[in-house]
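Thanks for coming, everyone. Please look at the sequence and the model on the screen.

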Amino acid sequence: MALTLYVETDRWRAHQRSVLADFPGLVPVCKGNGYGFGHDRLAEEVSQLELNTLAVGTTYEAAAMKDRFSGDLLVLTPYRRSEEPVPLPDRVIRSASSVDGVYGLVGSRVVVEVMSSMKRHGVTERDLGKLHAALDDVRLEGFAIHLPLDRTDGSDAVEEVIGWMDRLRAARLPLDTMFVSHLSSRELARLRQQFPQTTFRARIGTRLWLGDHGATEYRGAVLDVTPVAKGDRFGYRQQKAAGDGWLAVVAGGTSHGVGLEAPKALHGMTSRAKGMARAGLATVNRNLSPFVWDGKQRWFAEPPHMQVSILFVPAEAKEPKVGDELKAILRHTTTQVDRLADR
């Protein structure tokens, strides 16, 4: 019995094709845990879509993916001279975010990242004059810009890209290909209209694999059920049961990512109030689990174990049985499942 990711395959693939239609020439991204699906499965999907380039996060991911995908592999993490050398085939394209990085990639296929309003990494405008000489010794595949998801200042993403296109053109650098992230299909169409001689390639991960939320569902199998009465002690810390009901042992623990949560950016008073309420409940050992049973999200009876979670199901709810599966509301990018099942 396992924590399972169920995929409505036809629906999921139809969504992939719709994204591809909106973003012709897109570069799919497969990094980290493969957005919950794993690298093997996403490599298979990209091959079925007949796309010629796949973006990965690191050189280590490229080394693992080279035997799974036969096309070009674009490494998104910028090259640094101090990095550990990883043997990679010639079809791997490296990213560079500095002039020094370009100089360190002599003979390699290279995409040069420019500094966006993300302010994460990239060459700056004052670096452009130095790029000419550095680019002589590499095979330039294009430039790239990684844009923020939110624009709280009301700025225009397209105008930011246009600004960089104008700077690159003024520096007499080639504008054959520009890789972009976090643009809508409408925004991309505006750029293609303004720069018809440039090929724009959208690097897309989340929207491609996770854009149709209804196509996937996590479920954890019930492994054991034990009845408890109010005040009964249980678990590692011998806490007391809050009331009559059952302790349900469910597949899915910290090794799967259950109970782990990435920090969230909170906007507005409502979300902040909910965050404060959750924090307050946690101080008295009340933590809501991601598992849903009988129409409600159930509380952890105690912190999740490595491979299972123990939930408290109150007596007024339907009694869970061994073999039942509980829907789990989990974040794809932090979850490792036991199995993936198509349906």
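First, a rule: two strands pair if DSSP finds at least two bridges between them. Helices (H or I, at least four residues) and strands (E, at least two) are DSSP runs, numbered from the N terminus. This is a predicted model, so local features need pLDDT of at least 70, side-chain atom pairs count only at pLDDT 80 or more, and totals for chains, interfaces and linings use all residues. Residues are numbered from 1 along each chain as its sequence is written, and side-chain values use heavy atoms, with hydrogens and water left out.

Let's begin with E10. Strand E10 covers residues 216–228 and pairs with strand E1, residues 3–7, in the antiparallel sense over five bridges. There, Tyr6 stands opposite Glu217. Six bridges join E10 to strand E13, residues 245–251, again antiparallel. Asp224 has Val249 of E13 as its bridge partner. E10 also pairs with strand E17, residues 325–328, over four antiparallel bridges. In that pairing, Arg219 faces Lys327.

Now the other sheet. In what order do its eight strands run? The order is E2-E9-E8-E7-E6-E5-E4-E3, in an open sheet with parallel pairing. E2 (27–28) and E3 (53–56) stand at the edges, each with a single partner strand, so one side of each has no neighbour in the sheet. Look at one pairing inside it. E4 (residues 72–78) and E5 (residues 92–96) pair in parallel over three bridges. Leu73 stands opposite Val92 there.

Next, helix H5, and one more rule. Buried means under 20% relative accessible area, exposed over 50%, partly exposed in between, using a 1.4 Å probe and protein chains only. Which residues of H5 are buried? They are Leu128, Leu131, Ala134 and Leu135. They cover an arc of only 95 degrees around the axis, which puts them on the same side of H5. That arc is taken from the directions from the helix axis to the C-beta atoms. Turned away from that buried side are the exposed residues Gly129 and Lys130. The cover over the buried residues of H5 includes helix H4 (99–103), E6, strand E7 (139–146) and helix H6 (157–170); contact here means heavy atoms within 4.5 Å.

On to the loops. Lys119 sits between strand E6 (109–114) and H5 (128–135). Its phi is near 55 degrees, a positive value in a residue other than glycine. Lys119 is exposed, at 67% relative accessible area. Glu50 lies in the loop between helix H2 (39–48) and E3. Phi of Glu50 is near 60 degrees, also positive in a non-glycine residue. Glu50 counts as exposed, at 72% relative accessibility.

Finally, the rings. Rings of Phe, Tyr and Trp (its six-membered ring) pair if their centres lie within 6.5 Å; planes under 30 degrees apart count as stacked, over 60 as edge-to-face, and the rest as tilted. How many aromatic pairs does that rule give? Three. Trp12 and Phe37 have ring centres 4.5 Å apart and planes at 25 degrees, so this pair is stacked. Trp12 lies in helix H1 (residues 9–22) and Phe37 in the loop between E2 and H2, so the pair ties together parts 25 residues apart in sequence. Both Trp12 and Phe37 are buried. Phe195 and Phe200 have ring centres 6.4 Å apart and planes at 55 degrees, so that pair is tilted. Ring pairs also link Trp12, Phe37 and Trp209 into a cluster. Thank you.
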